[in-house]
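Hi,

Here is the structure I promised to pass on. Have a look at it first, then read my notes below.

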Amino acid sequence: MTKFQDLGLSDDVLKGITEQGFEEAFPIQEAAIPVLLSGRDVVGQAHTGSGKTAAFALSMLQEIQPKKGIQGLVMAPTRELAMQIADEIKKFGKYTGLKVATIYGGQGMGIQLDTLHRGVEILVATPGRLIDHLKRGSIELRDISHIVLDEADTMLDMGFIDDIQFILDLAPENRVMSLFSATMPTQILRLSEDYLNNPKQFLLDADDLSGEGIDQSFLVIKDRDKFKYLLDFLKPVKGQCIVFCSTKYRTRDVQKFLHQEKYDAVAIEGDMSQHRREQSMAKFRNGKADILVATDIASRGIDVPRVELVVNYDVPNVEMVYFHRIGRTARAGAEGKAVTFVSYSSVGDWNLIKRQIKVPIKDLNQEMGIQISIPDPLKRQTSSRRYGGQSRSGYSRGGGRSGGYGRSRDDRGGSRKRTDDKDNRNSYGGRSRW
Ligand code: ADP
Ligand code: MG
């Protein structure tokens, strides 16, 4: 393991890291930081919870000068993630004198304009709101020297790509740019060549989509039995838990149920007001709530170290989402568990995901002796919708199996155009399906 001191970081930055209790650099940090400091573009893939934020933030903090305009731009798919990244950059950069602004939809423009007027050097933004600022002239990108796309595969996916293109066109060509994500499908890697200049690629465990280090299990049950089983799985949990549901309605229902059962559960989904979203996340982060019931709005990037269990109350309908969801536990080398409830109608979708899991996964039906009695045997088979003409996701740049990635197959197929609906059109943003 390498010490941060050996990566060429300045004392100011090192002081900030030490204060966070970081002693040794994680592999992606060790790999990416010196290259970014040398001014070369980077593509960084490393599993969930492996320290990618510091991997891109530290070089930026070192290279950017105070009081010389907005020089750093980090883009992320959700408001919650943008806020989290900004908080982390502020902590790392405590001794650099640099100021960070978070630019996201749902918050009043006034607050953001005030922050911008006071002068900032680094922006952490969701694309929609950033574009609003660019259009009204309250943000200019002419001094940008460092750009990061976090959760890059989502950012370069259909829902965001036009926005990203619009934003990048306004930034100087001579910039250091990096892409980071736990999942980096080949078609995204190919696409990245359009945006990056001879990048150094670090694909640390790209072939190992396993959720390694996470104790994974699944249970095939009737949909109506899920809540009863959820309570059973929650009983032994001492830390915190995230329950992922497929829709906003189910998210709300499960949160209500849990509340009735006297659990401290909060919910987060795209239809909630920004104020309530922030309230829920704050309660969960500071441990006032034990359970977060969420749509996939919380599946990417969210780092809450005490999360001990992830429950997939519903099977995700895009394979890679599974690995991001379960990656909310076992952060930074900790231990964690993930259980997936598979309703009879989701067996096909689940089989597709299960095939990609490279570590042993527990079959709880066998272990607990729970019979599966699916009346229609066809439903046991792999869903064909993912491949065939019925898929409306339209995302097929690379073709092949991973072609369904990024957008659930039954929505947003035709909704890629920008509207005036600010952040809401994006998959993780406001008034989405989630
Ligand atoms: P990723 O973006 O790869 O999912 P994060 O950047 O969110 O991971 O980091 C996951 C957790 O690991 C965070 O809580 C972060 O504070 C912690 N962390 C990151 N780097 C280090 C390090 N070098 N030493 C100790 N903890 C670290
Ligand atoms: Mg991250």
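**What I found**

Let's start with the ligand. Sorted by class, the shell around ligand 1 is made of 7 nonpolar, 6 polar and 3 charged residues. Keep in mind as you read on that this is a predicted model.

That shell holds 16 residues, and the closest ones are G51, K52, T53, D303 and A332. Helix α3 (residues 52-63) supplies the largest share, with 3 residues. Where does ligand 1 sit relative to domain 1 and domain 2? Domain 1 (4-202) and domain 2 (214-379) both give residues to the shell, so ligand 1 lies between them.

Next, the inside of the protein. The largest nonpolar core has 114 residues, and V124, V243, L292 and V293 have the most contacts inside it. Both domain 1 (4-202) and domain 2 (214-379) contribute residues here too, so this core lies between them. As background, nonpolar side chains in soluble globular proteins tend to be buried together.

Now for a loop. L204 is found between β9 (200-203) and β10 (214-221). L204 has 17 C-beta neighbours inside 10 Å, so L204 counts as partly exposed. Although L204 and P27 are 177 residues apart in sequence, their C-alpha atoms are 8.2 Å apart in space. Not counting residues up to four places away in sequence, L204 touches P27, I28, Q45 and A46.

- N198 has a phi of about 45 degrees and lies in the loop between α9 (186-192) and β9.
- A330 has a phi near 55 degrees and lies in the loop between α13 and β15.

Which of them is buried and which exposed? N198 is exposed, with 7 other C-beta atoms within 10 Å, whereas A330 is buried, with 23.

Cheers

Technical notes
Residues are numbered from 1 along each chain as its sequence is written. Chains are lettered from A and ligands numbered from 1 in the order in which they are written. This is a predicted model: local features need pLDDT of at least 70, side-chain atom pairs count only at pLDDT 80 or more; totals for chains, interfaces and linings use all residues. A residue is near a molecule or strand if its C-beta atom, placed from the backbone, lies within 6 Å of it. Helices (H or I, at least four residues) and strands (E, at least two) are DSSP runs, numbered from the N terminus. Ala, Val, Leu, Ile, Met, Phe, Trp, Tyr, Cys and Pro count as nonpolar, Asp, Glu, Lys and Arg as charged, and the others, Gly among them, as polar. Domain bounds come from an automatic or database domain assignment. A nonpolar core is a set of buried Ala, Val, Leu, Ile, Met, Phe, Trp, Tyr and Cys residues joined through C-beta atoms within 7 Å. A residue is buried if 20 or more other C-beta atoms lie within 10 Å of its own, exposed if 12 or fewer, and partly exposed in between; C-beta atoms are placed from the backbone. Two residues are in contact if their C-beta atoms, placed from the backbone, lie within 7 Å.
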